[in-house]
Amino acid sequence: MSQSTSTQANGTPVPNKASEVGWLFVPQYYTFMNKDPSRLHCFYTKKSTMVHGTENEDITPSVGQQAIHERVNTIGFEDTKVYVSNVDSQSSADGGIVIQVLGEMSNKGGKWRKFAQTFFLAQQPNGFYVLNDIFRYLKDDDDEKEEKAEAGKADSHDHHDADDDDEKEEKGER
């Protein structure tokens with residue numbers, strides 16, 4: 001796994017609170033996703049917003065802890081396995097932290113799918129909570145080829161039907 005760190009001009013690493021928080025938060029979050037997804041909503045509050053979908057998919061955000069809980073239940077995380085390849089964290093507005101995670105996920109024993117997830121952790125008296133969460137499965141080349149093939153079949157099927165209608169019309173079969 002790679003992580004972003006800051007360095008001084010002389011090359012000495014600078015302690016980075018955002019990076020530390022990111023590396024503490026990420027394993028905890030995905031462990032909950034695997035072992036106790038029904039409690040994943042505890043990372044969020046009534047002010048939180050979450051989007052979970054696939055690249056190029058138009059998704060309505062879930063707003064508030066209850067709506068996020070319902071969305072997580074709808075997704076149906078079960079025996080979810082996550083491989084995290086990258087965690088980048090940066091300090092942000094009002095003491096918050098932006099975290100971007102890249103990796104692969106398998107849910108319910110399904111195929112591994114690449115994903116990108118971005119969190120904004122906002123400060124609260126006892127630490128942080130997830131204010132914003134944007135999750136997208138990334139399409140790989142196989143997914144795109146499959147979609148194009150399906151679209152091509154639909155187009156050729158529609159086109160074929162129109163040709164049949166033209167032929168019937170020419171023969172006076174209508």
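This tour moves through a predicted model, from its confidence to its strands and its nonpolar core.

Residues are numbered from 1 along each chain as its sequence is written. Local features need pLDDT of at least 70, side-chain atom pairs count only at pLDDT 80 or more, totals for chains, interfaces and linings use all residues, and side-chain values use heavy atoms, with hydrogens and water left out.

Colour the model by pLDDT, the predictor's confidence in each residue, from 0 to 100. The protein averages 83, and 72% of the residues score at least 70. Over residues 1-7 the pLDDT is below 50, and this stretch has 23 contacts (heavy atoms within 4.5 Å) in the model beyond near neighbours in sequence.

Select residues 97-106 and 113-124 next. These are strands β7 and β8, antiparallel over nine bridges; strands are DSSP runs of E, at least two residues, and helices runs of H or I, at least four, numbered from the N terminus, while pairing requires at least two DSSP bridges. G103 lies opposite F115 in β8. Six residues separate the strands of this hairpin, where K108 takes a positive phi near 55°.

Two residues lie between β8 and β9 in their hairpin, and Q124 faces G127 in β9.

Finally, select F25, Y29, Y30, I99 and F119. These have the most contacts inside the largest nonpolar core, of 27 residues; such a core joins buried (under 20% relative accessible area, 1.4 Å probe, protein chains only) Ala, Val, Leu, Ile, Met, Phe, Trp, Tyr and Cys residues through side-chain atoms within 4.5 Å. Helix α1 (17-35) gives the most to this core, with seven residues. Around Y30, leaving aside neighbours within four places in sequence, show its contacts V82, V84, V101, M105, F115, Q117 and F119.

Methods. Buried means under 20% relative accessible area, exposed over 50%, partly exposed in between (1.4 Å probe, protein chains only).
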